[in-house]
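These are my notebook entries on a single structure. I record here what I looked up, entry by entry.

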Amino acid sequence: MTKVIYPGSFDPLTFGHIDVIERTRRLFDQVVVAIITNPSKQPLFTVEDRREMLEAIVKKRFPDVEVDVFHGLLVDYAKRKRAQAIVRGIRAVTDYEYEFQMALMNRRLAPQIETVFMMPAEQYSYLSSRLVKEIAELGGSVKGLVPDIVEKRLRKRLPKT
Ligand code: PNS
């Protein structure tokens, strides 16, 4: 059985993330989407909110995918979960440097765990959680960029949306 961790902040989940989950699911027997609880970052949504949104989407679309929360080193978490690989979505060249650095550092920490990069569909190549938040904060529409449940939560969290 092949098991992979798809880690991220998912603050919030976008259609780009969903696209990566769908592609990853076709290649691995088990997929765990793991939300980081990062005390040094100031997320818009609490980890509980992010988990609820992810669970709602995943349960409906991909019932075989697990949603989990982790803290600490990603490779330690991957070892605890007995995963062989980590998957990361890579959109444009600009993502590459950061992802390359992280993948190689993770390899140094745990050589047995492989990092796999997935390219989301072209229409999501310019989509990011950061831009979704910025647009929502400034009252723009995020329709077609995030699932309805995320759009509703953004509206609740940011009344200007
Ligand atoms: O969605 P993001 O914010 O780009 O995800 C970043 C994430 C969670 C993959 C990264 O911050 C991470 O792996 N954090 C866990 C801490 C860790 O292992 N740091 C060393 C990385 S080399």
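**Entry 1: a pair in helix α6.** I began with Arg155 and Glu151, which both lie in helix α6, 4 residues apart, or about one turn of the helix. I note at the outset that the model is predicted. The general rule I recalled is that an α-helix has 3.6 residues a turn, so residues three or four places apart point the same way. I then looked up the contact and found that the side chains of Arg155 and Glu151 meet in a salt bridge, at 3.2 Å from N to O. Arg155 is partly exposed, because its relative accessible area is 39%.

**Entry 2: other salt bridges.** How many salt bridges are there by the rule applied? The count comes to 15. I reminded myself that side chains of opposite charge can pair when their charged atoms come close.

I looked up a pair in helix α2: Arg51 and Glu55 lie 4 residues apart there, about one turn of the helix. They form a salt bridge whose closest N and O atoms are 3.4 Å apart. Arg51 counts as partly exposed because its relative accessibility is 29%. Glu55 is also partly exposed, with a relative accessible area of 30%.

I then turned to helix α5, where Arg130 and Glu134 are 4 residues apart and therefore separated by about one helical turn. Their salt bridge has its closest N and O atoms 3.9 Å apart. Arg130 has a relative accessibility of 56% and so counts as exposed, the cut-off being over 50%. Glu134, at 39% relative accessible area, is partly exposed.

**Entry 3: Asp11.** Where does Asp11 lie? I found Asp11 in the loop between β1 (3-8) and α1 (15-27). Why does Asp11 count as buried? Asp11 counts as buried because its relative accessibility is 5%. I looked up the neighbours of Asp11 and, leaving aside residues up to four places away in sequence, found that Asp11 touches Pro43, Leu44, Phe45, Arg50, Ser129 and Lys133. With Lys133 there is a polar contact between the two side chains, at 3.0 Å.

Entry 4: In soluble globular proteins, nonpolar side chains tend to be buried together. I therefore looked up the largest nonpolar core, which has 35 residues; Ile21, Leu54 and Leu154 touch the most other members. The elements that give two or more residues to this core are β1, α1, β2 (30-36), α2 (47-61), β4, α5 (129-137) and α6 (148-157). Helix α2 gives the most, with 5 residues. Apart from this core lies another, of 12 residues, including Val32, Ala34, Leu74 and Val75.

**Entry 5: helix α4.** My last search concerned helix α4 (residues 93-109), which has 17 residues. From its first C-alpha to its last, α4 reaches 25 Å, close to the 24 Å expected at 1.5 Å a residue. I noted a bend of about 25° in α4 at Glu99. Which residues of α4 are buried? They are Asp95, Glu99, Ala103 and Asn106. What covers the buried residues of α4 includes α3 (74-80), β4 (85-89) and β5 (114-118).

Notes. Residues numbered from 1 in each chain as written. Predicted model: local features only at pLDDT ≥ 70, side-chain atom pairs only at ≥ 80, totals over all residues. Heavy atoms only, no water. Expected span 1.5 Å × (residues − 1). Bend = angle between axes of the 7 residues up to and from the residue. Buried < 20%, exposed > 50% of the residue type's maximum accessible area, 1.4 Å probe, protein only. Contact = heavy atoms within 4.5 Å. Polar contact = N/O pair within 3.5 Å; in protein donor to acceptor, adjacent residues only side chain to side chain. Core = buried A, V, L, I, M, F, W, Y, C linked by side-chain atoms within 4.5 Å. Salt bridge = Lys/Arg side-chain N within 4 Å of Asp/Glu carboxyl O.
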